[in-house]
Amino acid sequence: MNSIQAAIATDPNTPFTLGEYKLEKPRADEVLVRIVASGICHTDIAVKEQSVHLPLPMVLGHEGSGIVEMVGDAVDHLVVGDHVVLSGDSCGSCHKCQHGLPSYCDEFVERNLTGCRVDGTSPLSAEGELVRGRFVGQSSFATHSIVPGRAAIKVDKQYPLELLGPLGCGLTTGVGTVMNALRPSAGSKIVIFGAGTVGLAAVMGAVLSGCQQIVVVDPVSARRDMAMSLGATHALPANDAALVDELLSLTHGGADFSVECSGVPAAVNAAVMCLARPGWCAQVGATPARTILPLDMDHVGFGRGIKGVVMGDSNPQTFVPYLAALHAQGKLPYDRFVKFYDFSDINQAISESKSGEVIKPILRMPT
Ligand SMILES: [Zn+2]
Ligand SMILES: [Zn+2]
């Protein structure tokens, strides 16, 4: 048992609290990772605030990067000292895992959203009591984590490790939704709703795919400016009643693709209504629980559709190293919207993320 530091989320009204916890040694299929840094994603905030209902208290965080310190006997792709980006856990043997889509694993919920292993245990404890320490395979708001070998992705040591954690969620989701799920051909027109980390990553994915027109919709002008600087061709505010008409006019009859990253029900509708025929909308943003939306079936019937996309339909073991290489080549400049914080400033980082002041906060862990 090691003593480690972690930030616990207890309830919506209590700030994250740093404390000392006990961490087990890794089991045969697990590795011990010293977390170097962890991005903060909106899902962490949504769980803390219980707009996404998962059990608390729990150690959250799911954009960790770090260095392998111990390797279980059954893990054969990692050695001590490897640099890793952490991603979600998956079983490795179900139909979807075997087809390279682990984010649709049959055991996705049990392995990632309970904060425990599938057998109900957790590697983390305090005074002999279980502490949920397996959020999205990692619970990376901590100095150390025990993660399943499958959730640890080896990356080249030449890359800036403290910057890489968001590749495991936000960047994989945004770039992957465009490049893996929608696959626009060169010259396509695409509209992206929401210019947070995922939407901006979708903009970069659209640039990499050779899209001719990349229209971003976001209420925050600084985010629209960031989208334009990353290669968007147009940026519109979201609060315009004539938004769909403007999009249809800008795209000369409709977009080939749209990506909905905001989760706002009105934006979901606009993301379908702005499509040409044929046209596909990828729904990525988490809508409020039990949202039911009417769809204009006269519109959808003409070759249009909407599909939910999780983690950009990516296999993180291959996609994350690809993204790291793209960043090293200057083709994925997400560092431009990152701000680093000390781990102890986690509550400040979250409030600056919620206010829209910062797009991607990353916590640096103490060494
Ligand atoms: Zn996330
Ligand atoms: Zn599986």
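Modeller: Two strands pair if DSSP finds at least two bridges between them, where strands (E, at least two residues) and helices (H or I, at least four) are DSSP runs numbered from the N terminus. This is a predicted model, where local features need pLDDT of at least 70 and side-chain atom pairs count only at pLDDT 80 or more, while totals for chains, interfaces and linings use all residues. Residues are numbered from 1 along each chain as its sequence is written, with chains lettered from A and ligands numbered from 1 in the order in which they are written.

Colleague: OK, what makes β15 and β16 a pair?

Modeller: 5 bridges join β15 (residues 275-283) to β16, and the two run parallel. The cut-off is at least two bridges, so they count as paired. Among the bridge partners are Trp280 and Gly305, the latter in β16.

Colleague: Why is one side of β13 and of β16 left without a neighbour in the sheet?

Modeller: The open sheet has 6 strands in the order β13-β12-β11-β14-β15-β16, paired in parallel. β13 (234-236) and β16 (304-308) stand at its edges with a single partner strand each, so one side of each has no neighbour there. Neighbouring strands in this sheet are turned by 15° against each other on average, direction ignored.

Colleague: And how do you know which strands β6 pairs with?

Modeller: Bridges again: 3 join β5 (residues 63-71) to β6, and 4 join β6 to β10 (residues 152-155). Both clear the at-least-two rule, so both are pairs, and both are antiparallel. Val84 of β6 stands opposite Gly66 and has Lys154 as its bridge partner in β10.

Colleague: Which way do the residues of β6 point, and are they buried or exposed?

Modeller: His83 and Val85 point one way, Val84 and Leu86 the other, and all are buried (20 or more other C-beta atoms, placed from the backbone, within 10 Å of its own; exposed is 12 or fewer, partly exposed in between). In a regular strand, side chains alternate between the two faces of the sheet.

Colleague: Why is α5 called mostly covered?

Modeller: 10 of its 12 residues are buried, including Val198, Leu200 and Met204. The buried residues pack against α4, β11, β12, α6, β14 and β18 (contact is C-beta atoms, placed from the backbone, within 7 Å). Gly210, with a positive phi near 80°, follows α5.

Terms used
Contact = placed C-beta atoms within 7 Å. Axes fitted to C-alpha atoms, helices over the stretch in contact; angles between N-to-C directions.
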